[in-house]
Amino acid sequence: MQRLHIIVQGRVQGVGFRWYTKDKADTHSINGWVKNLQNGDVEIEAEGNPNDINEFIQLVRKGPWGSFVSNLQITEQLPVGRNDGFVITR
């Protein structure tokens, strides 16, 4: 298992980025959450097997139509064995 904390920077709010992220997480069996930050960034916590996490990161880097990801800040964390799905939080 691999767990990452991700800050997504760019034009990532108001473009369906959280819903896109949830869809891609669900497709790749990623557990965790996504939320908008007040500064315009998006924050993600993602846990899953390394191959799925790598594919998920590439999709997050691409983003939905209308978005522009200028930077990802990725911090690896210790896995906690989450198995409760992926949610959009506020």
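## Around helix H1

The buried residues of helix H1 are covered by several elements, including strand S1, strand S2 (31-36), strand S3 (42-48), helix H2, strand S4 (68-77) and strand S5 (86-88). Helices are DSSP runs of H or I with at least four residues, strands are runs of E with at least two, and both are numbered from the N terminus. Cover is judged by contact, meaning heavy atoms within 4.5 Å.

This is a predicted model, in which local features need pLDDT of at least 70 and side-chain atom pairs need pLDDT 80 or more, while totals for chains, interfaces and linings use all residues. Residues are numbered from 1 along each chain as its sequence is written, and side-chain values use heavy atoms, with hydrogens and water left out.

Which residues of H1 are buried? In this helix (residues 17-27), they are Phe17, Arg18, Tyr20, Thr21 and Ala25. Seen down the axis of H1, they fall within an arc of 160°, so they line one face of the helix. That arc is taken from the directions that run from the helix axis to the C-beta atoms. On the other side of H1, Trp19 and Thr27 are exposed. The cut-offs are simple: buried is under 20% relative accessible area, exposed is over 50%, and partly exposed is in between (1.4 Å probe, protein chains only).

After H1 comes Ser29, which has a positive phi, near 55°.

## Aromatic pairs

A pair of aromatic rings is described by the distance of the centres and the angle of the planes. Here, rings of Phe, Tyr and Trp (its six-membered ring) pair if their centres lie within 6.5 Å; planes under 30 degrees apart are stacked, over 60 edge-to-face, and the rest tilted.

How many aromatic pairs does the structure hold? There are two. The rings of Phe17 and Tyr20 have centres 6.2 Å apart and planes at 50°, so this pair is tilted. Both residues sit in H1, three residues apart, about one turn of the helix. Phe17 and Tyr20 are both buried.

The rings of Phe56 and Phe86 also pair: their centres are 6.2 Å apart and their planes at 65°, so the arrangement is edge-to-face. This pair links distant parts of the chain, with Phe56 in helix H2 and Phe86 in strand S5, 30 residues apart. Both Phe56 and Phe86 are buried.

## Salt bridges

Side chains of opposite charge can pair when their charged atoms come close. A salt bridge needs a side-chain nitrogen of Lys or Arg within 4 Å of a carboxyl oxygen of Asp or Glu. By this rule there are four salt bridges. The table shows some of them.

| Salt bridge | N to O distance |
|---|---|
| Lys24 and Asp23 | 3.5 Å |
| Glu43 and Lys35 | 3.7 Å |
| Arg3 and Glu45 | 3.1 Å |

Arg3 lies in strand S1 and Glu45 in strand S3, so the pair ties together parts that are 42 residues apart in sequence. Arg3 and Glu45 are both buried. Asp23 is partly exposed, at 42% relative accessibility. Glu43 is buried, with a relative accessible area of 13%, whereas Lys35 is partly exposed at 23%.

## His5 and its partners

The side chains of His5 and Glu43 are joined by a polar contact of 2.6 Å. A polar contact is a pair of N or O atoms within 3.5 Å; within protein, one must be able to donate a hydrogen and the other to accept it, and residues adjacent in sequence count only if both atoms are side-chain atoms.

Where is His5? His5 lies in strand S1 (residues 2-11). His5 is buried, with a relative accessible area of 18%. Beyond neighbours within four places in sequence, His5 is in contact with Glu43, Ile44, Gln73, Ile74, Thr75 and Gln77.

Asp52 lies in helix H2 (residues 50-62). Asp52 is buried yet has no salt bridge, and the nearest side chain of opposite charge, Lys24, is 13 Å away. For charge, Lys and Arg count as positive and Asp and Glu as negative; His and the chain ends are not counted. Not counting residues up to four places away in sequence, Asp52 touches His28, Ser29 and Ile30.

Ile53 is also found in helix H2. At 1% relative accessibility, Ile53 is buried. Apart from neighbours within four places in sequence, Ile53 contacts Gln2, Leu4, Ile30, Ala46, Glu47 and Gly48. Ile53 and Gly40 are 13 residues apart in sequence and 24 Å apart in space, C-alpha to C-alpha.
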